[in-house]
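Here's a quick briefing to read alongside the model. Have a look at the fold first, then work through the notes by topic.

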Amino acid sequence: MINVNWEKIKPYEKKSFAVPVTVILFAVLIASFVVSAFVPLLFKPLKFLTGLFLVLTVAFKIHIESRMLQLYMLLGIADISFMCAALIPVSKGLTVFFFVVSLIAFLLGLVLTVISEVTMKKETAYDFPEAKRDNLFAEKSVMLFAPHEDDEINLYGGVIEQYVKNGSEVKIVFLTNGDYYGLGGLRLREALNASKKYNIPAENVIFLGYSDSLKNENTLHIYNAENGELVKSRLGRGETYGIKSKAPYSQRSFTRDNIVCDIKNIITENKPDILFCCDYDSHPDHRALSLFFEEALGKILKENDEYRPCVYKGFAYSTAWDGKNDYYAPNIISTALKNPSSFMEEMKPFEWDKRVRFPVAREYLSRVMRNSSSYIAMAEYSSQTSTDHANGILNGDKVFWKRRTDSLLYSAEVASSSGNASALGSFKLAESGDITGDREPYENAWIAEDGDEMRAVAFKLKKAEKISSVVIYENPDEDSHIVNAVLQIGSVRYNTGELKPNGAPTVFEFPPVTSDYIAVKVTAFTGKCSLLKVEAFEKPESAKTEFIKLENQNGDFCYDYIVSKSGREDFFVYSYPSAENAQFEVLCDNEGVSALCENGKISVNCPLGEAAVITVRLKDNPEIYDCITVRNPDERERYVLSAKQRYEQRLPSFEMLWDYYRGLIRRLAVYLK
C-alpha cells in the first residue's frame, strides 16, 4: 500500500475535481477504441491484449491508499496503452515481444496472488490456551455505542469477540447512518454484515437513524442547536430512517432533544450491565455522541437510584483509526499514542497510566492481518476503506477509561459563593458551545468570580449518606491550578493539598462520615479559581483484582510469545485494578523451560526449539490467572513469519483485492449521488 499525504491530495479527491477528470479519462479510453476502427494497423487485437495485461498487472501489484488516485492511475495507463495500440505502428516482432512480456508480468502477479492466498494464513494465528475470564466477559448485558458504522470495530474490536464467545448479550447502537455522501443505506448493510462476522444477530444491531454531520443554518452541529430546532442533513433529510430489512429505533425528526431521548430510552429499556461509548474524539459526531450519551445517562442516574452500570469511554481516532502503525512485529504490540503523553490531549482528565487495558480475544490475534477476526469484519466496510487503517487499529489490547456511576451528588442541590456551579455534581464531564471547533470542552467548569473571598461550593444531599471517598477535578485549563482547598463533609474537614494537574481526578479516601452536606472551599490557587467536577461515593473504588495479564518489559501484552534468540525473557503482571503487593504462583508445562517469579518479575529461559505454556495465578485467588505460550523457534520459522509480515500487503490475496477494488467502486459511487 502506497501511503499518501491526505492534506495534499484532498483537492484531487473532491467531486469537483474527480468527476471531470474521471469523465475525461473514460472519454479518452472510448476514443481509443473508436479511432482503432478507422486505423488499419496490424495485430491490433494483440496490442490491445498487451494493454489489458499491463493494466491488470498494475491493478494486482500497485495499491494507493487513495482510491481515486488508484483510479486515475489505472485509467491513465489504459488510455496510454490503448491509444498507442490504436495509433502507433509497431513491427510484428516488437508486438509479439511486448505481448509476451505483459502476459508474463500478468501471470506472475496472478501466481504470486494465488501463492499468497494459499500460504499466507498458514501457521500465523496465535496459538495459546486462553484464560477463562468469566467474571469479566461472561453472562453480561453489554451495549456498545458507535457514532458511525465501522466505529464499533475501531473502538471495540477484540473486545466484542470476548463478550460474544463468553455468552454475553451484545448490542451495538449506531447514532448516525454515516450518510454525509449519500451512502447511508450501504453503510447500514455493511454494519449488518460486519455484525454477522462477530456472531451478533441483526436484532441486536440498533440504528438510531440520524444523519451524519448534522448542522443548522448557523453551521452549529445539532448538539449545539436549540432543543426543539429541526436540523436537516446535507441531502435534505429531516427524519430518522433505516433500510428495508432494518427500521430505525424510532421515527423522529432531527432535533437534539430527540437524540437524547432515544439514547435515554434505549438504555432504560435494556438496562445493560456494561456501557461502552466513545469520548471527545477529533470528529464532531464522535464528540456529539460522547456528550449526548453522558447527558442521557446523567438523567437516568438522577432519576433511578438503583441503576448503576459500569461505563467505559474510549477514543476511535488517536488509539485506533489514526493510531500508530505498528501491527507487524514478531509479537503484537499494545496500543500506544503516536505522540506519547501522560494524559489524553482530547480529554485531559483521562490519565494514560489510568487506562483500563482489556486483553483481546484469541481469534483476533494473528501475525498477518487477514487472519484477524476484526480485520475480517473490517473488510465489510469497504466503502470506508477501513482495512487501510488496520495497521493502527489492531493491537494487543483495547484501552478505555472507566467512569464511575455511583456518585451521591447527581441529585444534590448545588450552591456556590459566586459563578455557576450547577454542573459540578452531574455525571457529564465535558461541555462545549461549539463542538466543531478547537475549543476545549470544559465550559461546564465552575469559575469563582474575581473578588469572591469565599471561593466555595456546597452540595446538599436529599438525605444523609455514608461517605468515604470524594473525587475532585480541577479545571484542565492551563491557567487554572488549585494549590489547596478545604474539603468539608458534615463537621469533618480535610486539607486537600495540591490537586492533580490537567483536570485529572484527585481522590480522597477517609473513614466513613454520615452527612447530607459536602463543601469545597479553595484557599490557595494560581490563575483562575476553577473546578470541573466533584464526586462523592459511599465506598472507595474497589481494589479487588478483576483480571491479570502477562506483559513484556516494554509493557506489551503477551499471548503466543516468540522470545529473543537467547531464550531469556522477563515478564511482568498487569493487573486491573492495580495490585502492587499481589503474590503470584507460576506454572510451566515443559521441564525444558524454566519460569521463576521473584518480586513480581517472571524470568523465563526457553532454549532454542522449545515451547511451553506459562500460567500465572494470584495466590489468594487462583481463579484470576493468565496463560501464554512462549517459544523459541529456529531461524527458518522466524524468517518465514517475518517474510509473511513483510509481504502480506505487497502480495495481496483475492479477498484483499476484492476488498480494495470494491472500496474503489463504492468510493466512485459517492460521486454519482
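Buried here means under 20% relative accessible area, exposed means over 50%, and partly exposed is in between, using a 1.4 Å probe and protein chains only. Helices (H or I, at least four residues) and strands (E, at least two) are DSSP runs numbered from the N terminus.

Before going on, a word on ground rules: this is a predicted model, so local features need pLDDT of at least 70 and side-chain atom pairs count only at pLDDT 80 or more, while totals for chains, interfaces and linings use all residues. Residues are numbered from 1 along each chain as its sequence is written, and side-chain values use heavy atoms, with hydrogens and water left out.

**β4 and its neighbours**

- Both sides of β4 are covered, with I274, F276 and C278 buried on one face and L275 and C277 buried on the other.
- Strand β1 (residues 141-146) runs parallel to β4, and three bridges join them; two strands count as paired if DSSP finds at least two bridges between them.
- To get from β4 to β5 the chain passes through helix α11 (residues 284-303), in a right-handed β-α-β crossover. Right-handed means that, with the strands pointing away from the viewer, the path from the first strand over the helix to the second runs clockwise.

**β1, covered on both faces**

- Six of the six residues of β1 are buried, so to speak a mostly covered strand.
- On one side of β1 sit S141, M143 and F145, on the other V142, L144 and A146, and all are buried.
- Strand β2 (residues 169-176) is parallel to β1 and joined to it by six bridges.
- Over in β2, F174 is the bridge partner of A146.

**Aromatic rings**

- The whole structure holds 39 aromatic pairs. Rings of Phe, Tyr and Trp (its six-membered ring) pair if their centres lie within 6.5 Å; planes under 30 degrees apart count as stacked, over 60 as edge-to-face and the rest as tilted.
- One of these is F33 with F48, a stacked pair at 5.2 Å centre to centre and 20 degrees between the planes.
- That pair links distant parts of the chain, 15 residues apart: F33 belongs to helix α2 (residues 15-36) and F48 to helix α3 (residues 44-61).
- F33 is partly exposed at 43% relative accessibility, whereas F48 is buried at 14%.
- F358 and F547 are stacked too, because their ring centres are 6.2 Å apart and their planes are at 15 degrees.
- This pair bridges 189 residues of chain, from F358 in strand β6 (residues 356-359) to F547 in strand β15 (residues 547-552).
- Both F358 and F547 are buried.
- Ring pairs tie F358 and F547 into a cluster whose members also include F137, Y156, F276 and Y576.

**Arginines over rings**

- R237 lies over the face of Y241, 3.6 Å from the ring centre. The cut-off is NZ of Lys or CZ of Arg within 6 Å of the ring centre and within 35 degrees of the ring normal.
- R617 does likewise with Y625, at 4.9 Å from the ring centre.

**Helix α15**

- The 13 residues of α15 (residues 635-647) reach 18 Å from first C-alpha to last, close to the 18 Å expected at 1.5 Å a residue; the expected span is 1.5 Å times one less than the number of residues.
- Its buried residues are R638, L641, A643, K644 and Q645.
- Their cover includes α5 (92-119), β16 (560-562) and β22 (621-631), with contact meaning heavy atoms within 4.5 Å.

- Most residues other than glycine have a negative phi, and most peptide bonds are trans.
- The Y576 to P577 bond is cis, with omega near -15 degrees, and P577 is in the loop between β17 (568-576) and β18 (584-588).
- E139 has a positive phi, near 50 degrees; E139 lies in the loop between α6 (134-137) and β1 and is exposed at 72% relative accessibility.
- T385 also has a phi near 50 degrees, but T385 is buried at 18%, in the loop between α13 (373-378) and α14 (390-393).
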